[in-house]
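Please keep the sequence and the structure in view while reading.

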Amino acid sequence: MSIDLFYADSEAPIVSLSAKKHFNQLSSPNLQKYAHHLSRASFHGSRAVLDSVSPESPVIYDLILRVHEKLDKPHSNQEYIDKLSTSSSSLDKQDVTYYLEYAAQFLDNLGNYKSFGDRKFIPRVSKDKFRQLIEKIDDEVATELYNKVEDQIYDTERGLLGYPDHGLLSNYYPHSANITKDEIDAVNKALSSAGIMPENTRVVKNGSSYTVLVASADSTNLYSDLNLQTDNGTKINFQFGDHASDFSKIVQELENALKYVSNDTQRKLISYYIESFKSGSMSAHKKSQIEWVKDLKPEVESNIGFIETYRDPAGVRGEWEGLVAMVNHERTAKFSQLVANASKFIAQLPWESFYEKDTFTPPDFTSLEVLTFAGSGVPAGINIPNYDDVRLNYGFKNVSLGNVLSANPKNPKKEEIITFIDDQDLFKKWRDDSFEVQVGLHELLGHGSGKLLQETEPGKFNFDKSQRNDVTTWYKPNETWAGVFGANSGSYEECRAELVALYLILKDPTQVLPIFGITSKSSQDDVMYIASLLMIRAGLLGLEYWDPEAKKWGQPHMQGRFAIMKQLHKAGVFEFKHSQSDFSDLKIVVDKSKLYDGVTAVDALGDFLGQLHVYKSTANVTQGLKYYLEKSNVEDEYAKFRDVVIKEKKPRKILIQANTVLKEDGSVDLIEYEESETGMIESYFDRNV
């Protein structure tokens with residue numbers, strides 16, 4: 001595999017995720033203190049993310065911050081260059097710039113594997129020059145840190161995250177290069193049979209036994225009375241206190257936040273957080289999510305814990321996330337209208353009411369301005385909690401992250417050219433609006449729709465089994481969607497949610513789009529076109545995240561978008577046009593008549609969506625995964641475009657988040673940073689001390 005695939009991005013757009021206006025508009029000093037302590041708690045989980053990515057990531061993190069400190073905390077890229085690229089040094093401006101780009105991308109991903117794609121990235125500065133840079137620092141600690149990880153920084157042998165026995169890397173299984181997928185499945189099965197949720201765990205293979213590491217501040221073993229074994233009799237031990245030092249800090253900050261809650265629901269929410277992160281109890285975390293769903297439209301919104309399971313190859317272990325944000329009331333008004341009309345839109349989706357919830361309980365849907373999103377990447381929207389029974393019995397929340405949707409650099413490094421399309425101006429004019437509509441429908445009606453047919457306890461069902469001879473599979477007691485569909489569940493569900501959004505945009509634009517202020521026929525036509533083009537182009541760009549050697553998708557959203565692109569291509573909704581043999585002039589050409597006729601694109605999307613949905617509802621994992629993996633399979637007619645996609649790829653945005661500082665007088669200051677690589681390093685240095 002070409003080494004070029006692994007180089008860190010150069011000249012990536014860097015954006016300050018501004019939150020000052022909405023933070024300053026909070027109605028009381030106590031709310032600012034509440035947000036501050038929740039933000040600190042969230043960021044203290046950063047090392048749990050680093051530890052789950054790769055063995056070297058925590059050391060690289062410490063190295064980047066140590067270099068910054070020993071250079072007397074530069075405030076700009078030029079200061080870094082001036083301090084390191086001197087007449088007595090062989091380092092030049094480009095070497096230092098490459099180092100800064102690597103450091104900023106590392107911090108943006110919280111690890112040396114991309115959060116979007118799971119591919120490793122390495123510095124563009126050579127190993128020799130990197131060592132010279134460390135020697136220039138002349139610091140014993142920095143040198144020791146670098147010596148520990150020099151080879152690992154540049155090693156690309158395990159270039160993707162995944163099962164260790166497939167030649168890939170996952171630090172959810174530390175020190176266990178020889179652990180197999182079958183062994184991981186066996187441990188997961190044993191945990192499930194004992195009613196133990198695995199989201200906050202990692203697994204170590206110790207010769208003839210396994211040790212399950214549980215994230216917690218305390219080391220007390222909650223399962224000391226449990227004699228747990230895999231089906232073949234291999235013993236499973238438990239060790240609590242994974243990330244103990246950081247989780248003690250998390251607990252302390254949450255105890256501080258508890259003083260500033262606005263109501264009793266928030267008091268219960270934070271108390272359950274404390275219990276969960278102190279003891280390691282995922283049952284307590286599930287209780288926190290029940291309270292979180294009940295806490296409607298708070299001024300400061302927060303959700304913290306091991307939330308998404310995309311990066312664990314087994315699809316069950318979560319990655320630490322900490323969201324703290326303020327409500328954007330203007331944008332929230334749009335989403336309230338969407339919620340009010342949700343039942344009407346759900347009735348138009350391509351499945352029988354039998355496969356839909358008996359009663360749609362309108363969820364909370366809020367547009368937020370992110371103060372903090374601690375984790376490996378910041379999404380544009382969220383639909384949580386992920387606990388199936390909480391969603392069914394208590395509901396869920398939809399969150400659109402407004403300042404993420406509209407994040408663009410104040411001073412772009414270069415003019416933006418949108419690859420693979422001709423309609424540059426129209427695309428730029430409507431992409432933000434189209435994406436906002438897509439995110440809203442995706443989160444509310446995509447993730448929020450559907451019913452899982454389940455045997456709730458032996459012999460009892462949440463559907464009338466006697467009336468449906470065609471339903472031969474369902475979820476057994478204690479089975480979950482993710483548990484049944486495994487590692488592919490995340491991608492499958494993201495594809496289903498994306499399909500719901502685009503299907504409704506094209507099927508019912510005159511009802512959907514006015515909610516978002518898009519009222520004229522010409523504007524609606526433009527959004528239908530650009531929303532479709534966004535999805536098709538995303539599917540094409542998704543080829544970057546498909547590894548032809550491993551036959552593995554590295555990003556669940558992109559696998560789903562590729563499958564949708566392929567479905568629309570097979571239906572004749574668009575063509576790929578080119579005249580060059582290397583596809584250097586490749587363009588996506590959409591037949592707009594097939595978007596506007598209400599039939600061609602809508603039927604193609606509806607057929608795909610309906611099949612996915614019924615397979616999911618009925619726990620038909622055998623046929624469901626066969627169908628989905630076939631739809632997202634990369635045949636030669638698409639694989640041939642991968643090289644030009646990679647050649648033309650543009651760096652992803654790097655988002656710099658603000659920090660809050662509690663002053664001696666008890667007030668809270670919010671600090672924002674320069675849009676530069678140094679600004680990113682400063683932001684992490686400040687929150688780490």
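## Lining of the largest cavity

Helix 6 (93-109), strand 17 (654-656) and helix 28 (677-688) each contribute at least two residues to the lining of the largest cavity. Helices (H or I, at least four residues) and strands (E, at least two) are DSSP runs, numbered from the N terminus. Helix 28 gives the largest share of this lining, four residues.

The model is predicted: local features need pLDDT of at least 70 and side-chain atom pairs count only at pLDDT 80 or more, while totals for chains, interfaces and linings use all residues. Residues are numbered from 1 along each chain as its sequence is written, and side-chain values use heavy atoms, with hydrogens and water left out.

A cavity is a set of points, on a 1 Å grid over the protein atoms alone, where a 1.4 Å probe fits but cannot get out; lining residues have an atom within 4 Å of a point. Grid points are joined across faces, edges and corners, and a volume is the space filled by probe spheres set on the points. The whole structure holds four cavities of 30 Å³ or more.

The largest cavity has a volume of about 90 Å³. Of its 14 lining residues, Leu-107, Asp-108, Leu-655, Gln-657 and Tyr-684 lie nearest its centre. The lining comprises seven nonpolar, five polar and two charged residues. In this classification, Ala, Val, Leu, Ile, Met, Phe, Trp, Tyr, Cys and Pro count as nonpolar, Asp, Glu, Lys and Arg as charged, and the others, Gly among them, as polar.

## The second largest cavity

About 70 Å³ of space lies in the second largest cavity. Its lining has 14 residues, and those nearest the centre are Tyr-172, Arg-202, His-243, Phe-306 and Gly-318. Helix 3 (46-53), strand 2 (201-206) and strand 7 (319-327) give two or more residues each to this lining. By class, the lining of the second largest cavity divides into five nonpolar, five polar and four charged residues.

Five strands form an open sheet in the order 6-7-8-10-9, with mixed pairing; two strands pair if DSSP finds at least two bridges between them. Strand 6 (300-308) and strand 9 (381-384) stand at the edges with a single partner strand each, so one side of each has no neighbour in the sheet.

Strand 6 and strand 7 run antiparallel and are joined by eight bridges. Ser-302 stands opposite Val-324 in strand 7.

Conventions:
On a 1 Å grid over the protein atoms alone, a cavity is a set of points where a 1.4 Å probe fits but cannot get out, and a pocket is an open set with protein on both sides within 12 Å along at least five of seven lines; lining residues have an atom within 4 Å of a point.
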